[in-house]
Amino acid sequence: MSTFILTESKLEPAKAIYDFTLPAGDGWMHEIKRGQTFRIVDLEGNQAVDTLFYNAHDLSDRYSAQDTIREQRNIYLTTGTKLMSTRGNVLMTIVADTCGRHDTLGGACAQESNMVRYALDKRHMHACRNSFLKGALEWSGRGGQRLEKRDITSNINFFMNVPVTPKGELTFEDGISDAGKYVELEAEVDVVAVISNCPQLNNPCNAYDPTPIQVLIWDRS
Ligand SMILES: [Zn+2]
């Protein structure tokens with residue numbers, strides 16, 4: 001863990017143009033303009049923040065985990081990572097990170113995967129996929145663009161620890177984040193961000209205890 005390169009930001013929360021605390025388990029959707037800086041704060045530590053990004057001018061041009069991994073030749077996201085879209089555009093660049101590593105392989109929890117991974121009686125439990133769908137279906141984009149079920153694809157799990165073993169196995173481990181850790185991204189184009197502040201109660205990624213996060217946006221200084 002100590003080998004992580006941690007990068008702090010100089011931006012002051014008091015100067016943010018947007019500041020919102022998202023309760024545990026809730027969803028959030030917002031447009032971030034080109035040149036603006038977007039910060040997600042893990043307020044209490046070890047919260048998984050499932051996130052999708054779209055090009056605001058063309059919602060079918062969306063975050064691509066595969067292209068991001070290939071371009072940077074690394075499976076983890078941290079400072080310097082350029083979040084690539086399905087059409088090869090850079091949507092966001094991570095410019096500060098005090099956690100050190102974020103996952104983009106583990107996917108978002110869903111009612112179906114909860115049943116498979118944990119138990120059949122977990123089906124009723126709220127899952128990230130529900131929050132994504134609710135946000136997507138309620139969103140009205142530029143020019144009347146809509147998001148649909150098929151647009152909910154590979155996501156980022158900020159603050160989530162999903163190490164890959166030497167044998168190539170994915171493991172869901174205790175979080176490496178802590179109270180007050182944050183990740184900060186600069187928008188390279190106008191972007192629509194969708195967050196599910198993971199409601200998961202069966203997975204050590206959030207210490208079985210979903211907690212609130214803070215989202216802030218600054219204009220280009
Ligand atoms: Zn989840």
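**Stop one: the zinc ion**

Along the sequence, the residues that donate to the zinc ion follow the spacing C-x18-C-x69-C. Keep in mind as you click around that this is a predicted model. Select the zinc ion and show the side chains around it: the protein donors are the SG atoms of C109, C128 and C198, at 2.2 to 2.3 Å from the metal.

Now pick out C128 and C198, a pair that ties together distant parts of the chain. C128 belongs to helix α3 (residues 128-138), while C198 sits in the loop between β10 and β11 (213-218), and the two are 70 residues apart.

**Stop two: how hidden are these cysteines?**

While you're checking cysteines, select C99, which counts as buried at 5% relative accessibility.

How many disulfides are there? The count is zero, where a pair of cysteine sulfur atoms would have to lie within 2.5 Å to qualify.

**Stop three: S196**

Next, select S196, in strand β10 (residues 191-197). Is S196 buried or exposed? It's buried, with a relative accessible area of 0%.

Show what surrounds S196: leaving out residues up to four places away in sequence, its contacts are D26, G27, A48, V49, D50, C128, S131 and F132. One of these, C128, takes you back to where the tour began, as a donor of the zinc ion.

Terms used: Residues numbered from 1 in each chain as written. Predicted model: local features only at pLDDT ≥ 70, side-chain atom pairs only at ≥ 80, totals over all residues. Heavy atoms only, no water. Buried < 20%, exposed > 50% of the residue type's maximum accessible area, 1.4 Å probe, protein only. Helix = DSSP H or I, 4+ residues; strand = E, 2+ residues; numbered from the N terminus. Contact = heavy atoms within 4.5 Å. Donors = N, O, S within 2.8 Å, 3.2 Å for Na, K, Ca; no water.
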